[in-house]
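Subject: Structure handover and notes

Hello,

The structure is below, with my notes after it. Please read the notes with the model open beside you.

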Amino acid sequence: MKKQFNRMKQLANQTVGRAERTEVLSEDLLQIERRLDAVRSVCHLAQKRLIACLQGQHGTDPDKRHKKLPLTALAQNMQEGSIQLSDETLLGKMLDTCGDAENKLAMELSQHEVQIEREVIDPLCLLTETEIPNIQKQRKQLAKLVLDWDSARGRYNQAHKTSGTNFQVHPSKIESLKEEMDEAGNKVEQCKDQLAADMYSFVSKEGEYARCFVTLLEAQADYHRKALAVIEKVLPEIQAHQDKWTEKPAFGTPLEEHLKRSGREIAVPIEACVMMLLETGMREEGLFRIAAGASKLKKLKAALDCSTSQLDEFYSDPHAVAGALKSYLRELPEPLMTYSLYEEWTQAANIQDQDKKLQELWRICNRLPEHYRVNFRYLIKFLAKLAQNSDVNKMTPSNIAIVLGPNLLWAKNEGSLAEMAAATSVHVVAVIEPIIQHADWFFPGDEDFNVSGAFVAVPAVNSNHLSHTGNDYECGTLERKRPLSMTVMEGDLLKKDSTSKSKESTSAATPPPVRNGAQAVPSSSQLSVSQPQSNAGPSPHALRRGVCSFAFHPRVPSLDVLQKCC
């Protein structure tokens, strides 16, 4: 109690300046002391934030930590979901593979966090919770001992000073105060030496403390490398599942990718829409021009995207089918007539000489990439067949070119609306119309529209669209028949003898003649030519020079009539 009183008295005297404060630490030790608080504060905050980054429970063993990780819960959820969905489905396979990968990542993460705790967090905790506090505790103890030493020295000096004038002070008391002062001084020296040793040790071990943060980055790098190895190992497997799955959206997908993925020659939306239109839409007025209901169109596009075979309900709405076909062509990342040939198409459209124009268009058609050329041929042959019914459906080659052309060819960098309209009216129509008019000259031979063989035995649909004749695909079935010529459909030349038939077959390679610059609408049989070897052969306009004059029929006459005229 007395020592505490003397200590408080000495502290009060030093505070008010009645006594000097003794500083026993050297300047370098004082600098170390000033850094202690800053180091402890910074390291404690880093430790706290690092612990907050851990996903597992701090201080638990790896197995228990692994079970509590969010990644482990995600992996379990994925694997349970794959069981529910069955691994026969793409989503089921994906969930199973991803769940296994996430479980491995969770295991790597739990081991990584245990390593971080052991090699980073624990050393930082030792520094901030033990080593620095011990040094600071010794510093406080030294301060108390210095106060005791100053108090004892002050009392000794006071007694020694008064002993010369006051003979009542006993020499033994002065000797006792001197011993107390010396003892206090010895304690101060011992404590100071211990404190100095601890401070110098702290400074010398600063490299070890800094190494904790290097270890942190190394551990993180090692964890990420292992996690990346897990992901890279599973990615090819997951990608293989994805690539093997053919039921992917067709709309908005590049044509080559869709054909490669589905193993087809003709894109699903093109063939499906063409087959449905052949069944119910060939005599539908305003086909491709009249807009369909938005909900019906959206439903049909979704059905085609998932490659469903349940399309029966759409047979009764040809305008929805035509709208879906237009939408598919427009949503292709690259138009069916390709960006690379856009300039050549537009230049050919400006050629005034019709014979040269047809020759140039034929040349460009044959420059189309194979997948694009096959699908373009398929579509053009269908559009030519549609135009044969133009007296009923009002869709002449010109009208078809106007409404469908902008979906077949457009510039890669479209400009203003005015520029797009100009390109549509001047270039696209001038290109598409003659190709449709002379489809069998550009693409000789009959076209089997049921390429995949999937469109057979369709139930009959009660619809006004089916109340017509002359269609090559009978109601209720999509079995292909040999197409009839336009004149036979009209009943002009229904009966032909065997001689005229052989002549027609022999001269079938001759494209249709042109009368007064007007191109006649060809039939599929009259425009069939053998595939040219080096060039397109004579164009329909060039062949006009060898045809005699005759009363021009509104439809192209059969070749036996042409021969009689000549």
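A disulfide is taken here as a pair of cysteine sulfur atoms within 2.5 Å. By this rule the count comes to zero disulfides. Cys-212, for instance, is in no disulfide: the nearest cysteine sulfur belongs to Cys-43 and is 8.1 Å away.

On provenance, this is a predicted model, in which local features need pLDDT of at least 70 and side-chain atom pairs count only at pLDDT 80 or more, while totals for chains, interfaces and linings use all residues. Residues are numbered from 1 along each chain as its sequence is written, and side-chain values use heavy atoms, with hydrogens and water left out.

Overall content

The protein chain has 21 helices and two strands. These are DSSP runs numbered from the N terminus, helices being H or I of at least four residues and strands E of at least two. Of the 566 residues in the protein chain, 45% are buried. Buried means under 20% relative accessible area, exposed means over 50%, and partly exposed lies in between, with a 1.4 Å probe and protein chains only. Contact means heavy atoms within 4.5 Å. Among contacts in the protein chain between residues at least 6 apart in sequence, 76% join residues at least 24 apart.

Nonpolar cores

A nonpolar core is a set of buried Ala, Val, Leu, Ile, Met, Phe, Trp, Tyr and Cys residues joined through side-chain atoms within 4.5 Å. The largest one has 75 residues, and the members that touch the most others are Phe-288, Trp-345 and Ile-435. Helix α14 (residues 370-387) supplies the largest share of this core, 11 residues. A second, separate core has 38 residues, including Ile-32, Leu-127, Ile-132 and Val-188.

Trp-345 belongs to helix α12 (residues 342-349), as one of its buried residues. Six of the eight residues in α12 are buried, so the helix is mostly covered. Leaving aside neighbours within four places in sequence, Trp-345 contacts Met-337, Leu-361, Ile-364, Cys-365, Leu-368, Leu-409, Val-431 and Ile-435.

Helix packing

Axes are lines fitted to C-alpha atoms, for helices over the stretch in contact, and angles run from 0 to 180 degrees between N-to-C directions. Angles under 35 degrees count as roughly parallel, over 145 as roughly antiparallel, 65 to 115 as roughly perpendicular, and the rest as oblique. For residue classes, Ala, Val, Leu, Ile, Met, Phe, Trp, Tyr, Cys and Pro count as nonpolar, Asp, Glu, Lys and Arg as charged, and the others, Gly among them, as polar.

Helices α5 and α7 (residues 206-244) pack at an angle of about 175°, with axes 10 Å apart. α5 is therefore roughly antiparallel to α7. The residues of this contact divide into 22 nonpolar, seven polar and seven charged.

Helix α6 (residues 171-204) packs on α7 at about 40°, with axes 4 Å apart. That makes α6 oblique to α7. Phe-202, Val-203 and Ser-204 of α6 meet Glu-206, Gly-207 and Tyr-209 of α7. This contact divides into three nonpolar residues, two polar and one charged.

Individual residues

Glu-117 sits in helix α5 (residues 90-162). With 7% relative accessibility, Glu-117 counts as buried. Beyond its neighbours within four places in sequence, Glu-117 is in contact with Leu-54, Gln-57, His-58, Gly-59, Arg-65, Asp-122 and Pro-123.

Thr-338 is in the loop between α11 (318-331) and α12, and is buried at 1% relative accessible area. Lys-394 is in the loop between α15 (390-393) and α16 (397-404), and counts as partly exposed at 43%.

Asp-305 lies in helix α10 (residues 294-305). Asp-305 and Gly-252 are 53 residues apart in sequence, with a C-alpha to C-alpha separation of 9.9 Å. Apart from neighbours within four places in sequence, Asp-305 contacts Lys-248, Pro-249, Ala-250 and Phe-251.

Regards
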